[in-house]
Amino acid sequence: MLHRVFLLLVLLGLCFGTAGAATIEDPAKTEGEVVLYSSLNNEQIVTLVDAFKKKYPSIKPSFYRGTSERVLQRVVTEAKAGRFAADVVTSAGFQVQLLKESALTQRFVPPEASAFNEGFKDPEGHWVSVHSLLNSMAYNTQLVKPNEAPKKYEDLLAPRWKGRLGVNLQDPEWYVSLQRRWGKEKARNFLKALAAQQPGVRDGHNITAQLLAAGEFHAVSNTYAHIAARIKSQGGPVQYVFDEPVITYVHPITLMKAAPHPNAGKLLISFILSIEGQRMLRDQGRIPSHRDVDPLVFPLRNVKLFASDPKFAKEHSSATEEMRAIFGVR
């Protein structure tokens, strides 16, 4: 008797689970299309939408690809004109936060969100991070021995690094995150001490890492770990260094409030956040935010991450000005 009751409960659970999935899938098929605006690179978007179309052949996906700034500008411009074309947007955390604060996004918490840690999803349910960008130090392995390499940011303040460092000034999110980790006074004092080391300053994570590999810098304070890992995999003399908890930028996905195809949009979001979608991004060199999908470029199972909170994006402008003032750059 108990066995029959248990079997009945299992069958009911399966039925309800199937019905839950069909709740979105059936009306999504009726809508017949979905529109994605994204700042992912073109190849990554095409891979995702082609796989989505193969899985849901009755839904036609289309997309607009631009930088995070262009995606934001296009959505806002269209909204002001009363035109709402996008169903789903993926962009940098700063831009998605601005869309949320402009009341252009809506709450949607897909089942897949349970596999994403706190900090990598909006507490109010408006977004989930598609992939992560880990900010790290790095050093040139031909110029610096492993036992001499910095292990913490503060190590860069040692006298022997004077005139040998590179700093990326186009990175206010790093400074704002340091302020959250340490407090504003300690973060400001650190930057002042770093400036006193007379570093070479550049604008951009890529150029900073490339110059490190070329030997212009012995070490850099802030670049993306995956860029350093890629250069290393190509034979470049570069090694990334994690100062834990590692400052990590999020790249969220969100459902637009006036989405013309909301159910298809929800289905696309669930697909991109699924293990299947996250593995596709992983295979193209991205760092999945899904806790069960390990990146290819480096292991993260035992690395503590410090997610940058998009709600502090409004501080980026003042942080940029302060950073450039501290380093004497206009």
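**Cavity, pocket, helices**

Author: The largest cavity is lined by 7 nonpolar, 4 polar and no charged residues (Ala, Val, Leu, Ile, Met, Phe, Trp, Tyr, Cys and Pro count as nonpolar, Asp, Glu, Lys and Arg as charged, the others, Gly among them, as polar). This is a predicted model, where local features need pLDDT of at least 70 and side-chain atom pairs pLDDT 80 or more, while totals for chains, interfaces and linings use all residues. Numbering starts from 1 along each chain as its sequence is written, and side-chain values use heavy atoms, leaving out hydrogens and water.

Reader: What volume does the largest cavity have, and which residues line it?

Author: On a 1 Å grid over the protein atoms alone, a cavity is a set of points where a 1.4 Å probe fits but cannot get out, and lining residues have an atom within 4 Å of a point. Here the largest cavity is about 50 Å³ (the space filled by probe spheres set on points joined across faces, edges and corners). Its lining includes Gln106, Phe108, Trp127 and Ile269. Strand 5 and strand 10 are the elements giving two or more residues, and strand 10 gives the most, with 3 (strands are DSSP E runs of at least two residues, helices H or I runs of at least four, numbered from the N terminus).

Reader: And which residues are closest to the centre of the largest pocket?

Author: A pocket is an open set with protein on both sides within 12 Å along at least five of seven lines. The largest one here has a volume of about 960 Å³. Of its 34 lining residues, Ser68, Ala92, Leu133, His205 and Tyr224 are closest to the centre. The pocket lining splits into 11 nonpolar, 17 polar and 6 charged residues.

Reader: How do helix 2 and helix 10 cross?

Author: Two packed helices are described by the angle and distance between their axes. Helix 2 (42-55) and helix 10 (275-283) have axes that come within 10 Å and cross at roughly 150° (axes are lines fitted to C-alpha atoms over the stretch in contact, with angles from 0 to 180 degrees between N-to-C directions). They are therefore roughly antiparallel (over 145 degrees; under 35 is roughly parallel, 65 to 115 roughly perpendicular, the rest oblique).

Reader: What angle do helix 2 and helix 9 make?

Author: About 115°, with the axes of helix 2 and helix 9 (262-273) 11 Å apart, so the two are roughly perpendicular. Among the residues in contact are Phe52 of helix 2 and Phe271 of helix 9. By class, 8 are nonpolar, none polar and 1 charged.

Terms used:
Contact = heavy atoms within 4.5 Å.
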